[in-house]
2 protein chains.
Amino acid sequence: MRIKFDDMINEFKRILLKKGFSEEDAYTSSKIFAENSLDGVYSHGVNRFPRVIAYIDKGYIDVKAKPEKVEAFGSLERWNGNRGMGNLNAKFGMDRAIKIAKKSGVGIVALGNTNHWMRGGTYGWQAADAGCIGICWTNTMPNMPAWGAKDRKIGNNPLVMSIPRSNGEHVVLDTAMSQFSYGKIEEYKLRGKRLPVVGGYDTKGEVTREPAEIEKTWRVLPIGFWKGSGISIALDIIATVLSSGYSTADIGKKCDDEYALSQVFIAIDPSKFNAPEMTDSMVDNTLKYIKNSQPVEEEREILYPGERVIATRKENMEKGIPVEDSIWERIESM
Amino acid sequence: MRIKFDDMINEFKRILLKKGFSEEDAYTSSKIFAENSLDGVYSHGVNRFPRVIAYIDKGYIDVKAKPEKVEAFGSLERWNGNRGMGNLNAKFGMDRAIKIAKKSGVGIVALGNTNHWMRGGTYGWQAADAGCIGICWTNTMPNMPAWGAKDRKIGNNPLVMSIPRSNGEHVVLDTAMSQFSYGKIEEYKLRGKRLPVVGGYDTKGEVTREPAEIEKTWRVLPIGFWKGSGISIALDIIATVLSSGYSTADIGKKCDDEYALSQVFIAIDPSKFNAPEMTDSMVDNTLKYIKNSQPVEEEREILYPGERVIATRKENMEKGIPVEDSIWERIESM
């Protein structure tokens, strides 16, 4: 089925109000969940919503919490998320970083004790909508083995980078440090398909494209093998050190659920140096050059980061957002 | 053969003085080249030195150039590298970023019109030695196809992240966005070995571990396939927009040589919030947790980013730096 964007917001909002959020927070958070689905990231929109509600019920997410400033020095700030709603906290974090950047070129907000931000790209789009370059990342629970290891002790720690274009069609990269999410591996298995590239190890310790084999070991692959393992470790440590929050190690030691995360939000305002049309022209030059590549498959267009999102957004805004019946029924019954 | 660290510096310095560098610049640049080899990154130390001299002779590198400030706004600065020596300019860039960070928590220096910085890790170690978190990257000439493309239109754009430890054994990640450098692929071919993981495409369009097959297409793989392709594009655009320098596209359009690059140096001073022992304890907790992973091979230790460098540095300082006879002879004859 397809649900209209506004109807989806209203439905989420109804439930969040019931859970005790303020009118404003319920709307803002619902809008982010709906936008994630609108943009085609269903895994962190409508499909994730029931689990977030479960986390509220378990007491991991405090519906009344507001982020608090812990320390500030120049363009650098440390905030405590007080275990509030992850998407509200993250939006707040990037918003603060943007405010600082407008004042001093760059702003960095480290946010500890927060919760899953859902789709990281949200905060990249947010920075770019404000005319800023955005760079942000989050740590996660341990869900991937470090390179050379069998057991999962590092996070897939999504990293986001965005560059503004004045037509709103920003360049937004949103990538986890694992080659595939657990959800994607599951999805391929259910469809009876092999992964497009290797995604993890089988029980014999060989890399494989068979999702069912990977599910036997859960030894998923970092992007670039040892390289993504290293990036994940560095991102986690920087987030921990700057926020004084929990590391992936700390999160893993607590319990099997994922809460109390550490995040970093960086905003840089290029308009301090460039007129918007100058930034546009630099971005466009590079995108045009790359899109003019010789494609591997005749018909296949070379896409830049964020390009597909814009097409999906337009389509879902017109036709409604595709949702599995069972998931929507579950949400309606909440 | 093995060459003592100080002897290597002196030999490089002799040649750089002959090429017209000032006493101070010749020493500083030589020391960086020698340190790269000392730390085991021979490809961007002694082995690269002759090519840099050739670039000086071709006029790509201006031995007298000094970086100039173009714009500054708060914690953000734009500098023109004036096509000076890449490692001197990059050292200067990170140094400025550190100075700004000491004053306002964060410093970002965008450096355009510079040259190859050799080993990116150098500037990560530099930031960490100053007690700062360092994040920096450079663009490169087009040397890798974008995801879905056959021809090389994106750079391998190395990314560096470092976190300081007060014992000097910093966490330093230094990773290009290609799975393997051209040099590494060549090295495996010469040794008659397959790459440890897939590194590119063969002439049939299949991913392969055979270096000789990859050399037929030069369709090398980005880390994480589509993911590293996206990261490379984002890093390039951010460096271009902030520095107003050349993009990978611009560099590619000029000629087949790699000069006039764009770079970004970010320094963040965690000591504004944490006593050094607090940062140490957070870093150590994570490293200990990861190093306690269950290894895939009984005897193989799980390493954190930068760990191997420290061991190599100690060994090469004691025994001298290993150099191929032919390369050293060539340098001695310069």
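In this predicted model, 66 residues of chain B are in contact with 66 residues of chain A. On the chain B side of that contact, helix H8(B) supplies the largest share, with 12 residues, and the residues of this side divide by class into 36 nonpolar, 20 polar and 10 charged.

**A lysine in H8(B)**

- B:Lys227 belongs to helix H8 of chain B, which covers residues 226–243, and H8(B) is the element that gives the largest share of the chain B side touching chain A.
- Is B:Lys227 buried or exposed? With 24 other C-beta atoms within 10 Å, B:Lys227 is buried, because a residue counts as buried if 20 or more such atoms lie within that distance.
- Leaving aside residues up to four places away in sequence, B:Lys227 touches A:Thr175 and A:Ile223.
- Within its own chain, B:Lys227 is 96 residues along from B:Gly131, and the C-alpha atoms of these two residues are separated by 31 Å.

**Packing of H2 and H4 in chain B**

- Helix H2 of chain B (residues 23–38) packs with helix H4 of chain B (residues 86–104) at an angle of about 90°, and their axes are 9 Å apart.
- H2(B) and H4(B) are therefore roughly perpendicular to each other, since angles of 65 to 115 degrees count as roughly perpendicular.
- From H2(B), the contact is made by B:Asp25, B:Thr28, B:Ser29 and B:Ile32, while B:Asn87, B:Leu88 and B:Lys91 take part from H4(B).
- The residues of this contact between H2(B) and H4(B) comprise 2 nonpolar, 3 polar and 2 charged by class.

**Packing of H2 and H4 in chain A**

- In chain A, helix H2 (residues 23–38) and helix H4 (residues 86–104) pack with their axes 9 Å apart and at an angle of about 90°, which makes H2(A) roughly perpendicular to H4(A).
- Here the residues that make the contact are A:Asp25, A:Thr28, A:Ser29 and A:Ile32 of H2(A), together with A:Asn87, A:Leu88 and A:Lys91 of H4(A).
- Sorted by class, the contact of H2(A) with H4(A) has 2 nonpolar, 3 polar and 2 charged residues.

**Single helices and what follows them**

- The 19 residues of H4(B) should span 27 Å at 1.5 Å a residue, and the end C-alpha atoms of this helix are 27 Å apart, so the two values agree.
- H4(B) is mostly covered, with 14 of its 19 residues buried, and just after this helix B:Gly105 takes a positive phi of about 85°.
- In chain A, helix H11 (residues 307–319) has 13 residues and reaches 19 Å from its first C-alpha to its last, which is close to the 18 Å expected at 1.5 Å a residue.
- Just after H11(A) comes A:Gly320, which takes a positive phi of about 95°.

**Domains of chain A**

- Chain A is divided into domain 1, made up of 65–178 + 224–292, and domain 2, which covers 179–221.
- The C-alpha centres of domain 1 and domain 2 of chain A lie 27 Å apart, and 7 residues of domain 1 are in contact with 7 residues of domain 2.
- The side of domain 1 of chain A that touches domain 2 of chain A has, by class, 4 nonpolar, 1 polar and 2 charged residues.

Terms used. Residues are numbered from 1 along each chain as its sequence is written. Chains are lettered from A and ligands numbered from 1 in the order in which they are written. This is a predicted model: local features need pLDDT of at least 70, side-chain atom pairs count only at pLDDT 80 or more; totals for chains, interfaces and linings use all residues. Axes are lines fitted to C-alpha atoms, for helices over the stretch in contact, and angles run from 0 to 180 degrees between N-to-C directions. Helices (H or I, at least four residues) and strands (E, at least two) are DSSP runs, numbered from the N terminus. Angles under 35 degrees count as roughly parallel, over 145 as roughly antiparallel, 65 to 115 as roughly perpendicular and the rest as oblique. Two residues are in contact if their C-beta atoms, placed from the backbone, lie within 7 Å. Ala, Val, Leu, Ile, Met, Phe, Trp, Tyr, Cys and Pro count as nonpolar, Asp, Glu, Lys and Arg as charged, and the others, Gly among them, as polar. Domain bounds come from an automatic or database domain assignment. A residue is buried if 20 or more other C-beta atoms lie within 10 Å of its own, exposed if 12 or fewer, and partly exposed in between; C-beta atoms are placed from the backbone. The expected span of a helix is 1.5 Å times one less than its number of residues.
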